[in-house]
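Me: I am new to this structure and would like to learn how to read its features. Please take them one at a time.

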Amino acid sequence: MIEVRHVSKKFESFTAIQDISLSIPEGAIHGIIGTSGAGKSTLLRLMNLLERPDNGSVFIGDQDLTTLSGSALRAARKSIGMIFQHFHLVSNKTVYHNVKVALELAGYPKSQQAARVMECLSFVGLDALKDQYPAQLSGGQKQRVAIARALATNPSVLLCDEPTSSLDPQTTAEVLSVLKDINERLGITIVIVSHEMEVIKSICTEVTVLENGRVYESFTHEPTGIHMPGNSSAYFVQQLKGAERDA
Ligand SMILES: Nc1ncnc2c1ncn2[C@@H]1O[C@H](COP(=O)(O)OP(=O)(O)OP(=O)(O)O)[C@@H](O)[C@H]1O
């Protein structure tokens, strides 16, 4: 499904990615983890050519993205959605219009746009908030709007760059549930960059550990499932008083 072959990327004289090859099968949830600066985000951005590699090729299905440019690359990118740590929503557009803009940019048939926006919003459970603005939403809701926007063009791949790093544990669990749902119900292959071990452990079916721009190890993984943390005042008190007693 996604195949990165002998890819390298330099920023001036600094080599961020060194000769990486990786094969991610259809239907996987592939986690990429490593220390800060290991090259995780750069590797992810190479997968949709937001960064163009200096060497090597990037296949999505049987299409080598590195051979494309201009309108052909824009067309190929419709099959690759992406979400980010800071959501990247348009602040002066409503939830509805944040999703609709993805369809407009992709040239989706005008007569079908409204129905598709609502379909995507109801998939992430936000249809009731369609007329809200991003500033009126919680972090988890903002990320769900970003997911709905990424889903709008029916991608086969969703790239996630630290999707839960700005969120509290409860909201992280909710967003991970949406990602798992997308993978299971829509069959979308997911690549998720995170420095949070729990995120990788909970939903990833395979993992790549990066170190200094190289693959340290890549392996299959049995997801542990999403842990729903307590979210009541009583839970916080119990956890903190328990921790005090144990200290
Ligand atoms: N556009 C750029 N110009 C110059 N250097 C860059 C650029 N993008 C990334 N780098 C450098 O490449 C290296 C890898 O960056 P990258 O963001 O991929 O790492 P990361 O593993 O995602 O780190 P973090 O977890 O801190 O986000 C870092 O040293 C970074 O400073």
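Me: Which helix gives the most to the shell around the ligand?
Reply: A residue is near a molecule if its C-beta atom, placed from the backbone, lies within 6 Å of it. Helices (H or I, at least four residues) and strands (E, at least two) are DSSP runs, numbered from the N terminus. Here H1 gives the most, with three residues. H1 spans 40-46, and strand S2 (14-24) also supplies at least two residues of the shell. This is a predicted model: local features need pLDDT of at least 70, side-chain atom pairs count only at pLDDT 80 or more, and totals for chains, interfaces and linings use all residues. Residues are numbered from 1 along each chain as its sequence is written.

Me: Which residues are around the ligand?
Reply: Among them are Phe11, Phe14, Lys40, Ser41, Thr42 and His195.

Me: How do I read a sheet, and which strands are at the edge here?
Reply: Two strands pair if DSSP finds at least two bridges between them. This open sheet of four strands has the order S2-S1-S4-S5, with antiparallel pairing. The edge strands, S2 and S5 (63-64), each pair on one side only. Strand S1 (residues 2-11) and strand S4 (residues 55-60) are joined by five bridges, and Ile2 stands opposite Ile60 in S4.

Me: What is Val191 in contact with?
Reply: Contact requires C-beta atoms, placed from the backbone, within 7 Å. Leaving aside neighbours within four places in sequence, the partners of Val191 include Ile2, Ile24, Leu159 and Cys160.

Definitions and conventions. Two residues are in contact if their C-beta atoms, placed from the backbone, lie within 7 Å.
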